[in-house]
Amino acid sequence: MPLFRNIASMIALLPMIVISLTVFVGCIIYSFVYSLTNSKLVPVMNYVGFDQYERLFKQRKWDVAVENIFIYGFVFTIGCLVIGFLLAVLIDQKIRGESLFRTIFLYPYAMSFVVTGLVWKWVLNPTFGLENSMHMWGFGWFELDWLVNRDLAIYAVCIAAVWQGAGFVMVLMLAGLRGIDEDIWKSLSIEGVAKWKSYLFVILPMLRPMVVTAIVLIAAGVVKVYDLILALTSGGPGYATTTPAMYVMENFFSRANLGQAFAASIIMFISVVCILAPWAFYEFYLRNKYAAN
Amino acid sequence: MSAIPSGPRPKHLTIGRIGMYCFILTCALFFLMPLYVMIITSLKDMDEIRAANILNLPKELSFYSWPKAWSQACTGFVCEGLKPGFFNSIKITVPSVIVSVGLSAINGYALAFWRFKGAYFFFGLCMFGAFIPYQVMVYPLLKIEDALGIYSTLPGIILVHTIFGMPILTLIFRNFYTSLPIDLFKAARIDGGNFIKIFLYVIIPMSAPITIVAVILQVTGIWNDFLLGLVFAGRDNQPMTVQLNNIVQVDYGVAEYNVDMSATILTSLVPLFVYFISGRWFVRGIAAGAIKG
């Protein structure tokens, strides 16, 4: 009786099943249902249709948040990939002190987002930070006032984030590079293909699954960005660096505007699904289908 | 036979390689700069910080900011430094790591060896949970914990960390266990082992490497967490990251950058220590967490 044989296994997996259903599925349903109400301080079942969403899309602050998440997502993802791949390639050149360099490039990844944010806040401090250093060295024209500049503050966030995340991509890519067959390198060198060309046009396409995984993981993390910005700019100047996650948290915990927060969080959730769905479809469905044939 | 080597000396250092080293050293300096600034700032006094270049070494070492950050710096009206946060973080991290790793090991074991119909459906659901932004789940989860009477308590935050650590940990345990030879399991079955016995006497003794990876992943992850600690831990159990942010972001009084930087270093000591002693295990953790099953 397979049912009885596995009864212990079912009991063992019960916590996972309960958590998946109540927390992962249940919370989304809860949030969606209450996003259709006009709940303020406490959740109340007062149905108002999609009013909260309509109001959300009219908020200037939400527009800024969405714009920021696109800028941040784009710059951060590209920055991490380019720098991470470049570092992986360099470290793959049998250089001296390989493990030292690897340690240096990855250590920021071990640190908290809050720490990263606070350190860069100090480094980019408009009065005492790097700008001041450059002035003291005689580069009076040098400007690095990003943290107090409405248009550039989000790029300061990007720098801090790339500093923290590039090592992660480097590790993934390096694992991929080390997995490339020696024979491919041999035949490439017999053909006389320049090294940089080999990397760009032969090796990089071979690493595609790894690149795709890295992009998906980074992109799914982008949507969540919260602590880093809270520590670095607190969403400022003004609300120039606010993000959807901050918008949600603010409406939950300081503005007592639950309906708005639920609606915004559902939009966040939908965007994550949009990022993941094509990847998951490819990874789990198409791949299995081809594997079966 | 002449022992004198003939032909051109093998070139180890070409222009290209020198350029490469220059580039990688520049990158290394960029990655190290914030750490360097953190450390030297914490060793300066405020007069020097105001007068001198942020990148200059301190003229005379001042250590007063360290004890101040540890036990006197103020968060709001309380001036106890980071010390309570440090112990809170330990109180949160240790049980959370034990519970989440233990539970996930059992999950992985059940999924790998005792599959029952529907088990993988729930596993998929659980994995899906890894990508849902916290903001979607925070409020409903808070309501659930409130109903259970554990909101704002130590068990409450431990439960939250267990829930959010579960998808990725279950995945890496399952992947590890499916890579074990199945014959081992079959032999144990023939010898009359049941679910619990096989886990205790066959599986656990072989789980050391993956457990180390999981523990590293969880210790750094939970220690560095900010958002969950902020919402779920309650006033009396605020983790170090939350207190750090409160100390640095005080919006009254004179900002003491040296104390801020000491506090930042103190907060990142645990994850950095784990990172530096665990080296390749940390890297394995990243790879295991990133590669999907």
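## Worked exercises on a two-chain predicted model

**Exercise 1.** At roughly what angle do the axes of helix 4 and helix 7 of chain B cross, and within what distance do they come?

*Solution.* This is a predicted model, so keep that in mind throughout. Start by finding the two helices in chain B: helix 4 covers residues 83–113 and helix 7 covers residues 154–178. Next, look at their axes, which come within 6 Å and cross at roughly 35°. Then check the hand: the crossing of helix 4 of chain B and helix 7 of chain B is right-handed. Finally, sort the residues of this helix 4–helix 7 contact in chain B by class, and you get 18 nonpolar, ten polar and two charged.

**Exercise 2.** Which residues of helix 9 of chain B are buried, and which are exposed?

*Solution.* Helix 9 of chain B takes in residues 195–203. A residue counts as buried if 20 or more other C-beta atoms lie within 10 Å of its own, and as exposed if there are 12 or fewer. Going by that, B:I198, B:F199, B:V202 and B:I203 are buried. Look down the axis of helix 9 of chain B: these buried residues fall within an arc of 110°, so they line one face of the helix. Here's a handy bit of background: an α-helix has 3.6 residues a turn, so residues three or four places apart point the same way. Now turn to the other side of helix 9 of chain B, where B:I196, B:L200 and B:Y201 are exposed. As for what covers the buried residues of helix 9 of chain B, the list includes helix 4, helix 7 and helix 8 (182–190) of chain B.

**Exercise 3.** How many residues does each chain bring to the contact between chain B and chain A, and which helix of chain B gives the most?

*Solution.* Count by chain: 69 residues come from chain B and 72 residues from chain A. On the chain B side, helix 1 (residues 15–42) gives the most, with eleven residues.

Technical notes. Residues numbered from 1 in each chain as written. Chains lettered and ligands numbered in written order. Predicted model: local features only at pLDDT ≥ 70, side-chain atom pairs only at ≥ 80, totals over all residues. Axes fitted to C-alpha atoms, helices over the stretch in contact; angles between N-to-C directions. Helix = DSSP H or I, 4+ residues; strand = E, 2+ residues; numbered from the N terminus. Left-handed = near helix turned anticlockwise from the far one by under 90°. Nonpolar A, V, L, I, M, F, W, Y, C, P; charged D, E, K, R; others polar. Contact = placed C-beta atoms within 7 Å. Arc of directions from axis to C-beta.
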